Amino acid sequence: MSVCGSAAFCAALVLSGFSSTEPAQAAPFAYVANTDSNTVSVIDTATNAIAATIRVGKAPVAVAVCPDGTRVYVANQNDHTLSVIDTAANKAVATISAGRFPVGLAVTPDGARVYVANFSIASQTVSVIDTAAKTRTATISVGTSPNGVAVAPDGKHVFVANAVSNTVSQIATPSNTVVGTAGVGKSPLAVAVTPDGKHVYVANAASNTVEVIDIASNTVRDAVRAGRRPVALVIMPDGEHVYVVNEFSNTVSVIATDTNIISGSIAVGAKPMGIALTPDGTRAYVTNRVAKTVSVIDTATNLVTATVPVGASPQGIGIVPPPSKR
């Protein structure tokens, strides 16, 4: 068991939220950060019904899931904190201090640390949170206005999209130092690492492109024209496709990774902002900020099969696997 679900961690938790329904148990559950509601909506992906609504901090914008599925971390932009949700009870059980305006976060594969991008131009940092101690243990200087964060599958490197400096920082996790910086397009907001750990896909919001960084050489090897203002992306578990959220096009672009060519476009709700996949990759859940909904995409057909109403201004989303998949 990872430290995300350790007995020592659970014993030290302090109740700070509420749950409206019964705990998550047997199916994947999607956790949606509703920025203007200061809540997280919990969607039962078996039925696409709301299973719980959880009060968190001010302006929650991003969500990251602990690999063992026992904890969900929520970045609260306006009060500079992380809320920790216990997924068994669907309650916010702890609050952790982060840097200024946390907007992106990712958990290491062992669940021991959370890397948090602090968007404030004044700080230009990534905070490192020890999940067992619930404290910030390091602060790393990166580019200007860090936003998206992704951890490599082996946990040895973290990649950070710096929106104002138009770069991606590569952090070595053993030392928590920046070991490389790649120049990319304008306003990179999101990053994702391929399952084989060889490439990073970067969504450049102001360039309307997705670029591909070769990790070994730390250089851009390809660029793909996406929709208008790509703001989020995920890579399928088999690594064969990338799903890109285009905020101004109200679409999701599908990129085939063998050719890095757009193979499809899917219409979703108004102003889509975030995306997450079910553990088996059969469905993608897309948050629509203005529509106040989540679109559910069947990845076999690339059709929207359901629309789920949530809170106000949904943005970040993460999906917790069922116990059998952990």
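I count two strands as paired if DSSP finds at least two bridges between them. Strands are DSSP runs of E with at least two residues, numbered from the N terminus.

**Ground rules.** This is a predicted model: local features need pLDDT of at least 70, side-chain atom pairs count only at pLDDT 80 or more, and totals for chains, interfaces and linings use all residues. Residues are numbered from 1 along each chain as its sequence is written, and side-chain values use heavy atoms, with hydrogens and water left out.

**Entry 1: sheet β24 to β27.** I looked up the strand order. It reads β24-β25-β26-β27, an open sheet of 4 strands with antiparallel pairing. β24 (272-277) and β27 (303-309) are the edge strands, and each pairs on one side only. I noted an average twist of 25° from one strand to the next. Axes here are lines fitted to C-alpha atoms, and angles run from 0 to 180 degrees between N-to-C directions. Next I checked the pairing of β24 with β25 (residues 283-288): 5 bridges, antiparallel. P272 sits opposite N288 of β25.

**Entry 2: sheet with β28.** I found an open sheet of 4 strands in the order β3-β2-β1-β28, with antiparallel pairing. β3 (49-55) and β28 (314-320) each have a single partner strand, so one side of each lacks a neighbour in the sheet. Neighbouring strands are turned by 25° against each other on average, direction ignored. I then followed β2 (residues 39-44), which is joined to antiparallel β3 by 6 bridges. D44 has A49 in β3 as its bridge partner.

**Entry 3: hairpin β14/β15.** I moved to β14 (residues 167-172) and β15 (residues 177-183), which run antiparallel and share 6 bridges. Q170 is bridged to G180 of β15. The two strands form a hairpin with 4 residues between them. In that turn, N176 has a positive phi of about 55°.

**Entry 4: second largest pocket.** A pocket is an open set of points on a 1 Å grid over the protein atoms alone, where a 1.4 Å probe fits, with protein on both sides within 12 Å along at least five of seven lines; lining residues have an atom within 4 Å of a point. I read a volume of about 160 Å³ for the second largest pocket. Volume means the space filled by probe spheres set on the points, which are joined across faces, edges and corners. Which residues line the second largest pocket? I listed T194, P195, D196, H199, Y201, R221, D238, G239, T257 and N260. The lining divides into 2 nonpolar, 5 polar and 3 charged residues. In this scheme Tyr and Pro count as nonpolar, Asp and Arg as charged, and Gly is among the polar.
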